[in-house]
Amino acid sequence: MKLLERTKRQVRLTSAGAIFLEESRNMVSQLEKSIKMTQLASQGKFGHLSIAFVDSASGSLMVNALKKFRERFPDVKLTLFEMTSAQQLKAIHDGKVHVGFLRWADPSIHITSQLYTNESLIAVLPATHPLAHHLTLSLRSLAEESFILSPPHMGASFHDLILDFCRQHGFQPQIVQEAVQMYTIVNLVAAGIGISIVPSSVSVFQRSDVVFRSFREDSPSVPLYAAWKTDANDAVLTRFLEVVEETACSEQLGM
């Protein structure tokens, strides 16, 4: 295959030579791009991160951490999944999710969990409820109410936390409806099905027909963990966890 034509006065490319030169330039450009992307990936500045979260974790910590991370690392693609705590742990175990925000820690040595926040419990009532005009509530005043709670098999620790809280104050809650997602619970309260007790971050699901009220009694803490595979060796995950840690510290300091 002839790439050059030579005369006494000049050397010029043949048609095949011109194509070869263009393709060579493209290959060099692609190689340089690949090297750059590889370097960025090794620094955690390029790649993909899959993040799972319970719906009640969509408060300030996770939102602020995601915002800060996207600003710093715009070339990292984020994929978000809303899952229960149990679903998240399975997805992390199976390698389908890199990191999760969930309500309880897994004692398995294969999963690392880091506690980031502790929230209080609050009541959510229909806006027309006789107690809705009170700024705070006594838990005992809800003893005769119909409750909407998450089912125990979707998060036994949180379910038991609420039951124990009620029992410590003299009553067993009458559960008339179960719902998996917190925003579904809030919507069912709005529909007048019953009342509920939820983590304080659920108050982000504001509706004009429900009210959120804190308790006069000291409520148990509701933890929020980040969890990931213990043997994970991913630079993007490392950068993300650094941002989460920084965000959590800033919020604790009120910055």
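Let's start with one residue. F240 is buried, at 0% relative accessibility. Keep in mind that this is a predicted model.

Where does F240 sit? In helix 6, residues 235-252. Its ring pairs with the ring of F101. The centres are 6.3 Å apart, and the planes make 85°. The pair counts as edge-to-face because planes over 60 degrees apart get that label. F101 lies in strand 5, so this pair ties together parts that are 139 residues apart in sequence. F101 is buried too, with a relative accessible area of 1%. That counts as buried because the cut-off is under 20%.

F69 and F73 form a tilted pair. Here the centres are 4.9 Å apart, with 40° between the planes. Both F69 and F73 are buried. Ring pairs link F69, F73, F101 and F240 into a cluster. The model has six aromatic pairs in total.

Next, the sheets. Strands of a sheet pair through backbone hydrogen bonds, either parallel or antiparallel.

Strand 5, the one with F101, belongs to an open sheet of five strands. The order is 4-3-5-13-6, and the pairing is mixed. Which strands stand at the edges? Strand 4, residues 76-82, and strand 6, residues 111-119. Each has a single partner strand, so one side of each is left without a neighbour in the sheet. On average, neighbouring strands are turned by 20° against each other, direction ignored.

Look at strand 6 and strand 13. They pair in the antiparallel sense, over eight bridges. One example to find on screen: T112 has W228, in strand 13, as its bridge partner. Helix 3, residues 85-93, packs on this sheet. Helix 3 touches strands 3, 5, 6 and 13. Its direction makes about 165° with that of strand 5.

How many bridges join strand 7 and strand 11? Four, in the antiparallel sense. Among the residues involved, I122 has V198 of strand 11 as its bridge partner.

F240 is buried, and ring pairs link F240 into a cluster with F69, F73 and F101.

Technical notes:
Residues numbered from 1 in each chain as written. Predicted model: local features only at pLDDT ≥ 70, side-chain atom pairs only at ≥ 80, totals over all residues. Heavy atoms only, no water. Pairing = 2+ DSSP bridges. Helix = DSSP H or I, 4+ residues; strand = E, 2+ residues; numbered from the N terminus. Axes fitted to C-alpha atoms, helices over the stretch in contact; angles between N-to-C directions. Contact = heavy atoms within 4.5 Å. Phe/Tyr/Trp six-rings, centres within 6.5 Å; stacked < 30°, edge-to-face > 60°. Buried < 20%, exposed > 50% of the residue type's maximum accessible area, 1.4 Å probe, protein only.
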